[in-house]
Amino acid sequence: MPEPVKSRPYRSPARTEQSERTRAAVLDAARELFTTQGYTGTTVRAIADRAGVHLDTLYAAVGRKPQIMLALVESALSGQTDAVTAEERDYVRRIRECDRATEMIDVYAAAVTAIQQRLAPVFTALRVAADADESCAAVWRQVSERRAANMLLLARDLRSTGELRDDLSDREVADIVWSMNAAEHWDLLVVRRGWSPDRFNAWLADAWRRLLLAGGQEEAASREGQSGPS
């Protein structure tokens, strides 16, 4: 006797679009409140009111407050409403299409600069919240550990070009990049010292070339010589 055919659940495009708009509104409201009033000073009710949705709708669209914070971080990393894995991000694909480590570094420095303009305010709020809230501390650890693992993959991609310094292990390369692509680094130089994003981007790429590549200082000096005095 043939197996009964299972019907696929129907998903209304209009309902999907409405759900995406609701999620975006919740994340926009949460971003504004978390970064101005802090995580502990923001209630889920306040987020729902700012987003113009019912509380139950907010919970269905995103979740409770720790899930909202994690969704904000994922959105800032991906530049989209939903999370995107590292392998699916455009800049990761472009890095893996590069033949030279210098090209990889330039692509990644530009990506970090773009991401931190979205991520740094949210991550600063998360870091503060992590000191008082275990759920936020868990989110902090999860994102930080995942970022460290991704930097090890980047280090291996850089190593494959044959241009990395021999006296640095992949783990050391990953740790150096991990420490310098952090929101704290952006906050110190751009927010507190007033660097422009363009200046930060150029400096980060130059610093990584000098620190990580064999002959990095000589190549950086050559670049400066070719560009002439500024």
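**Note on helix packing and the nonpolar core**

1. Helices H6 and H10 (residues 197–212) pack with their axes 9 Å apart, at an angle of about 145°. The crossing of the two, H6 with H10, is right-handed. The model is a predicted one.

2. On the H6 side, the residues that meet H10 are Thr102, Ile105, Asp106, Tyr108, Ala109, Ala110, Val112, Thr113 and Gln117. Their partners in H10 are Pro197, Phe200, Asn201, Leu204, Ala205, Trp208 and Arg209. By type, the residues of this H6–H10 contact comprise 10 nonpolar, four polar and two charged.

3. The largest nonpolar core contains 71 residues, and Phe34, Ile47, Tyr108 and Trp208 have the most contacts inside it. Helix H6 (residues 101–130) contributes the most to this core, namely 17 residues. Tyr108 of H6 and Trp208 of H10 are also listed among the residues where these helices meet.

4. Phe34, one of the core residues with the most contacts, touches Tyr39, Thr42, Ile47, Lys65, Ile68, Met69, Leu72 and Ala125, with residues up to four places away in sequence not counted.

5. Val26 lies in helix H1 (residues 13–37). Its relative accessible area is 0%, so Val26 counts as buried, the cut-off being under 20%. Setting aside neighbours within four places in sequence, Val26 is in contact with Ile47, Ala51, Val53, Leu58 and Val62. The C-alpha atoms of Val26 and Thr57 are 9.7 Å apart, and the two residues are separated by 31 residues along the chain.

Notes: Residues numbered from 1 in each chain as written. Predicted model: local features only at pLDDT ≥ 70, side-chain atom pairs only at ≥ 80, totals over all residues. Heavy atoms only, no water. Core = buried A, V, L, I, M, F, W, Y, C linked by side-chain atoms within 4.5 Å. Buried < 20%, exposed > 50% of the residue type's maximum accessible area, 1.4 Å probe, protein only. Helix = DSSP H or I, 4+ residues; strand = E, 2+ residues; numbered from the N terminus. Contact = heavy atoms within 4.5 Å. Axes fitted to C-alpha atoms, helices over the stretch in contact; angles between N-to-C directions. Left-handed = near helix turned anticlockwise from the far one by under 90°. Nonpolar A, V, L, I, M, F, W, Y, C, P; charged D, E, K, R; others polar.
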